[in-house]
Amino acid sequence: MDRELLIVSTLCFFVAVVRTSLSIRARIYQPTRFSFFAVALGFVFQTAFLSIRGHALGRCPLTNLFEVFIFLAWSVVLIYMLVGPAYRLSLMGAFTAPLVASLQSFALIALIDVRHPVKLPANPWLEFHASISLVAYGAFALACIAGVMYLVQERQLKTHQLYSIFYHLPPLTDLFAAITRLLWWGFALYSLGLVSGFFVGQPLPYVQVVCAFGVWLLYGAILQGRHLRRLAPKHVAALCIVGFSAALTLLWGITFTAQIHSLP
Amino acid sequence: MNLFCIGLSHHTANVETRERFLGHAAIDRTLREVAGCSEVLLLTTCNRTEVYASASSPVPTETIANCLLTNGTLLETDVAAFYRYESEQCIQHLFRVTSGLDSMVIGETEILGQVKKAYAVARESGAAGPYLHRLFQRAFRVAKQVRTRTDITRGSVSVGSVAVDLAEKIFGDLSSRKVLLLGAGETSERTARALVSRGVREIFVSNRSGERAEALAAMVGGKAIAFGQWPMRCAEIDILISSTAANEPFLTPEILAPVLQARLDRPLFMIDLAVPRDIVPDVNKMEGVYLYDIDALQSIAQQSLATRRQQIAAGEEIIAHHIADFSGWFIPMREHMVGRAGSVEMELPESSLRASEL
């Protein structure tokens with residue numbers, strides 16, 4: 001039952017992707033409520049899936065790679081819903097939907113939804129650590145999406161080739177301000193997740209700790225470069241994409257190798 | 001009941017003719033009393049003068065032309081410049097005009113405000129009754145749909161407005177941005193004025209002729225600085241507009257490099273309106289610099305115009321849908337009224353004016 005909900009959710013995101021692709025292809029991109037509602041509906045089904053799965057597990061549904069990916073996709077949409085309208089980044093939905101649809105499709109297709117033979121006991125600190133870290137990943141994902149939007153616009157401005165989508169992108173400086181805020185939010189949440197990891201009451205695998213600090217240092221360095229004005233906005237935007245790609249790979253690695261959620 | 005539109009526009013008459021047919025404040029009364037119109041609306045813009053009216057019997061074009069004439073006598077050639085649209089054609093014409101499809105600059109939105117103003121005047125004077133009320137309310141709705149569902153208003157079509165639009169795409173709110181004008185050309189003055197109208201408050205003007213710089217600074221509410229001082233201002237400004245009469249480019253990457261080092265996180269928008277150019281094209285390759293010369297700006301303006309032209313068909317499609325829908329109300333109502341009383345003075349039932357049906 002819960003997988004069906006996830007399939008419907010993924011279809012909602014795909015509908016938003018197709019709609020946006022068609023309008024961009026026709027060179028008439030108009031941000032419409034349709035895409036926002038498609039994403040919002042996808043979010044409702046995501047939430048329903050996580051709720052049912054969490055109820056069945058009796059704990060936060062982060063017990064395998066499949067659930068981690070879905071929780072991450074949910075975090076991305078959650079932050080988009082919070083941040084997008086606030087910063088007038090309506091177009092961000094057009095960029096968010098493909099990422100979320102890809103994450104969920106991969107999770108559904110790959111054989112990674114492995115149920116544990118025994119019911120895992122609840123560990124509030126571990127669940128808090130994992131969930132807050134994934135919400136931080138959501139913020140990093142949005143920063144990555146904003147980075148893509150920044151680079152698309154920057155390229156069009158540099159080359160003087162202005163396509164339909166250009167007219168719907170937020171101003172360059174506003175976009176950069178949004179990237180910076182998302183990075184700070186992501187960094188703060190990730191730091192909180194890291195600190196809470198020390199309270200889980202059990203030893204964490206060495207690889208996991210090193211990778212987690214690696215991601216933390218990477219984003220810390222980007223923010224420091226931005227703060228000291230050593231990095232041009234274009235480079236910050238590019239690093240957001242590199243950073244999130246690396247973080248996503250490490251997340252996979254962490255979850256896959258350490259199998260954190262199999263810890264009782 | 002005849003619904004019609006009679007008028008002239010930039011399509012049919014030159015400015016010398018158009019300026020003689022502007023109508024006057026009391027034209028609605030004249031048209032009602034002399035021509036027997038029951039409802040009248042006069043639309044006057046710099047590109048068109050049109051009368052929208054309803055009457056029980058056809059009103060000759062010459063009668064309307066005479067009423068609109070403000071200067072000289074009516075010639076045969078003048079009458080030839082007038083067009084006349086009846087019934088559905090009139091509806092279609094109004095929808096096209098209000099949506100900007102009939103404008104000189106396709107997709108311009110100023111016309112909608114002008115039509116709204118003309119409608120408000122006619123309503124206030126009592127010249128516009130239920131027919132025109134319903135017709136114009138629908139026209140406003142059509143214009144809104146055409147604007148939002150097509151790219152007809154996308155981009156700017158003049159060099160100055162393209163530059164200002166780009167500035168807004170880079171900086172967003174322009175109120176805290178600083179502008180430096182190098183040279184005092186006419187286009188740069190116009191661009192500076194457009195920037196001021198969008199919120200720019202701080203403008204520096206630098207010209208070889210100090211007097212000219214002072215004069216232009218006074219015109220745009222800026223501050224004149226000595227020509228030798230402009231490089232020092234580059235660190236603090238956000239937009240640079242150059243239009244000097246220099247024979248060769250003087251703003252080079254070498255001059256800008258140290259300035260940009262100090263402002264790595266702030267973009268610099270450079271507009272080179274001079275011919276020959278003032279800024280070396282390689283400057284555009286520098287980090288955070290967006291350089292547009294006159295050709296680049298004109299090319300974007302042309303691109304926008306082409307896009308707008310491509311969107312006409314989409315706009316016409318929306319209009320056609322509304323004409324069919326509106327005629328479904330208008331024609332039976334007209335026949336009903338003519339059949340019942342043959343009188344144009346009769347009031348339409350209140351239910352026919354419900355906003356939800358407009």
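# A guided tour of chains A and B

Begin in chain B with Ile241(B), whose bridge partner in S9(B) is Ile271(B). The model on display is a predicted one, and each stop below names a selection and then describes what is found there.

**The parallel sheet of chain B**

Strand S8 (residues 239-242) and strand S9 (residues 268-272) of chain B are paired in the parallel sense, over 4 bridges. Next, display the sheet as a whole. Its 6 strands follow the order S7-S6-S5-S8-S9-S10 in chain B, and the sheet is open, with parallel pairing. At its edges are strand S7 (223-225) and S10 of chain B, each of which pairs on one side only. Between neighbouring strands of this sheet the average turn is 20°, direction ignored.

Follow the chain into the loop between S9 and S10 of chain B, where Pro276(B) is found. Select Val275(B) together with Pro276(B): the peptide bond joining them is cis, with omega at about 0°. Most peptide bonds, by contrast, are trans.

**The two domains of chain B**

Now colour chain B by domain. The domain assignment gives domain 1 as 2-154 + 311-342 and domain 2 as 159-305. A distance of 43 Å separates the C-alpha centres of domain 1 and domain 2 of chain B.

**The antiparallel sheet of chain B**

Select Leu3(B) and then Ser54(B), its bridge partner in S3(B). Widening the selection shows strand S1 (residues 2-9) and strand S3 (residues 48-55) of chain B running antiparallel and joined by 8 bridges. These strands belong to an open sheet of 4 strands in chain B, ordered S2-S3-S1-S4 and paired in the antiparallel sense. Strand S2 (37-44) and strand S4 (83-86) of chain B form the edges, each pairing on one side only. Here neighbouring strands are turned against each other by 15° on average, direction ignored.

**Helix H7 of chain B and its two partners**

Two packed helices are described by the angle between their axes and the distance between the axes. Which angle and axis distance describe helix H5 (residues 87-99) and helix H7 (residues 130-149) of chain B? The angle is about 45°, and the axes lie 8 Å apart. H5(B) and H7(B) are therefore oblique to each other, and H5(B) passes H7(B) in a right-handed crossing. To view the contact, select Ile91(B), Leu94(B), Phe95(B), Thr98(B) and Ser99(B) on H5(B), with Leu135(B), Ala139(B), Phe140(B), Val142(B), Ala143(B) and Val146(B) on H7(B). By class, this contact holds 9 nonpolar, 2 polar and no charged residues.

The crossing of H6(B) past H7(B) is left-handed. Leu112(B), Val115(B), Lys116(B), Tyr119(B) and Ala122(B) of H6(B) make the contact with Leu132(B), Phe136(B), Ala139(B), Phe140(B) and Ala143(B) of H7(B). This contact has 9 nonpolar, no polar and 1 charged residues.

**Where chain B touches chain A**

Display both chains and select the residues in contact: 20 from chain B and 15 from chain A. On the side of chain B that touches chain A, at least two residues each are supplied by helix H8 (159-171), strand S10 (289-293) and helix H13 (294-310) of chain B. Which element gives the most to this side? H8(B) does, with 4 residues. Sorted by class, the side of chain B that touches chain A comprises 8 nonpolar, 6 polar and 6 charged residues.

**A helix pair in chain A**

Move to chain A and select helix H6 (residues 172-197) and helix H7 (residues 206-227), which pack at an angle of about 150° with their axes 10 Å apart. H6(A) and H7(A) cross in the left-handed sense. Among the residues of the contact are Trp184(A), Phe187(A) and Tyr190(A) of H6(A), and Trp216(A), Tyr219(A) and Arg226(A) of H7(A). Its composition by class is 10 nonpolar, 4 polar and 1 charged residues.

**The last stop: Arg229(A)**

Continue into the loop between H7 and helix H8 (233-258) of chain A, and select Arg229(A). Phi of Arg229(A) is near 60°, a positive value in a residue other than glycine. Most residues other than glycine have a negative phi.

Note on methods. Residues are numbered from 1 along each chain as its sequence is written. Chains are lettered from A and ligands numbered from 1 in the order in which they are written. This is a predicted model: local features need pLDDT of at least 70, side-chain atom pairs count only at pLDDT 80 or more; totals for chains, interfaces and linings use all residues. Two residues are in contact if their C-beta atoms, placed from the backbone, lie within 7 Å. Ala, Val, Leu, Ile, Met, Phe, Trp, Tyr, Cys and Pro count as nonpolar, Asp, Glu, Lys and Arg as charged, and the others, Gly among them, as polar. Domain bounds come from an automatic or database domain assignment. Axes are lines fitted to C-alpha atoms, for helices over the stretch in contact, and angles run from 0 to 180 degrees between N-to-C directions. Angles under 35 degrees count as roughly parallel, over 145 as roughly antiparallel, 65 to 115 as roughly perpendicular and the rest as oblique. A crossing is left-handed if the near helix is turned anticlockwise from the far one by less than a right angle, and right-handed if clockwise. Two strands pair if DSSP finds at least two bridges between them.
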